[in-house]
Amino acid sequence: TNESEYGKLFPTAYLSYQPNENHSYSFNYSRRIGRPFFGELNPFRYFTSEFEYSSGNPYLRPTFTDNFELGYVFKNNLNITGYYNRTTDNYDRIQRFDNGIKYSTTENFYSTKRGGININYNYNKLKWLETTIFANAYYTSSKSFITESISNLEGYGADFYIDNTFFLTKDKIWALFIGYWQDLPYKDGNTQYRNIGVAYTGFKASLLNKNLILNLHLNDLLNTSRSKGTEYYSDFESNYYYKGY
């Protein structure tokens, strides 16, 4: 039997100022909770071989995040936001060895501080094209609670995407969309993540007076969806490679 009782406040506060229709400023603070998925709590052992298995952790605690944001909006098209957040009781995968058997589970073992800026721009000057561009740059610092995991990592990271919608008819019923997103290398917890980028495309149709939307989506056109990284521990390093589908 595992009993866990806690009471927390999760306040949210907003301040905004709009001197005219072209400019808008805002500041907000929020505190949020992040709960683990069921699979991360399930203690059932999943064996990949006679020497390796993974399992969930029913004693996982939720994470708590305090987030501060300062924003600026220009003509409802350009949005610039500076932010700082602090997360406690972060959880992630931990790998261990026991009598020649390697096993992995999920534990709360580090806290994170992150500060950065993101920029979002919507381009809609042309009748046949709408474009959204997003870029995010940040600095992350992590600190471990346990000695076996080296999660005192810190460094810069960035990600961006561009999404284009081409309208094939004047009434905008038929449209073609093409996009690309990219994550540059970054550090979080005890893991150094490598870069990953994916291109995608598809068609969209708005039928029955735009009450019925049909989408055909094709992901990873260039077959580049590869998740790669290195987990750092006090006694060893673990490199992983994952091919997305």
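Colleague: Over how many bridges do β7 and strand β8 (residues 129–144) pair in this model?

Modeller: The model is a predicted one, in which local features need pLDDT of at least 70 and side-chain atom pairs count only at pLDDT 80 or more, while totals for chains, interfaces and linings use all residues. Residues are numbered from 1 along each chain as its sequence is written, and side-chain values use heavy atoms, with hydrogens and water left out. Two strands are said to pair if DSSP finds at least two bridges between them, and strands themselves are DSSP runs of E with at least two residues, whereas helices are runs of H or I with at least four, both numbered from the N terminus. In that sense β7 and β8 pair in the antiparallel sense, and the count is 15 bridges.

Colleague: Which strand is joined to β7 by 19 bridges?

Modeller: The two strands run antiparallel, and they form a hairpin with 2 residues between them. The partner of β7 (residues 101–126) in this pairing covers residues 78–98 and is strand β6.

Colleague: Do β4 and β7 run parallel or antiparallel?

Modeller: Strand β4 spans residues 52–54 and is joined to β7 by 3 bridges. One of the residues involved is Ser54, whose bridge partner in β7 is Ser104. In contrast to the antiparallel pairing of β6 with β7, the direction of β4 and β7 is parallel.

Colleague: Which residue in β8 stands opposite Asn118?

Modeller: Asn118 can be followed towards two strands, for it is the bridge partner in β7 of Thr81. On the β8 side, where β7 and β8 form a hairpin with 2 residues between them, the residue opposite Asn118 is Asn136.

Colleague: Is Asn120 buried or exposed, and what is its relative accessible area?

Modeller: Asn120 has its place in strand β7, and, leaving aside neighbours within four places in sequence, it is in contact (heavy atoms within 4.5 Å) with residues including Asn77, Thr132, Phe134 and Tyr161. Buried means under 20% relative accessible area, exposed means over 50%, and partly exposed lies in between, with a 1.4 Å probe and protein chains only. Asn120 therefore counts as buried, because its relative accessible area is 18%.

Colleague: Where does Asn99 lie, and what is its phi?

Modeller: Asn99 is exposed, with a relative accessible area of 78%, and it lies in the loop between β6 and β7. Although Asn99 is not a glycine, its phi is positive, at about 55°.

Colleague: What is the relative accessible area of Asn76?

Modeller: Asn76 is found in the loop between β5 (63–74) and β6, and it has a positive phi of about 60° although it is not a glycine. Asn76 counts as exposed because its relative accessible area is 66%.

Colleague: By what distance are the C-alpha atoms of Gly39 and Asn57 separated?

Modeller: Gly39 lies in helix α1 (residues 38–41) and is exposed, with a relative accessible area of 55%. Along the chain Gly39 and Asn57 are 18 residues apart, while the separation of their C-alpha atoms is 8.8 Å.

Colleague: What radius of gyration does the chain have?

Modeller: The chain has 1 helix and 16 strands, and its C-alpha atoms fill a box of roughly 70 × 45 × 35 Å along the principal axes. The radius is taken over C-alpha atoms, and the globule rule is 2.2 Å times the number of residues to the power 0.38. A compact globule of 245 residues would come near 18 Å, but the chain has 22 Å.
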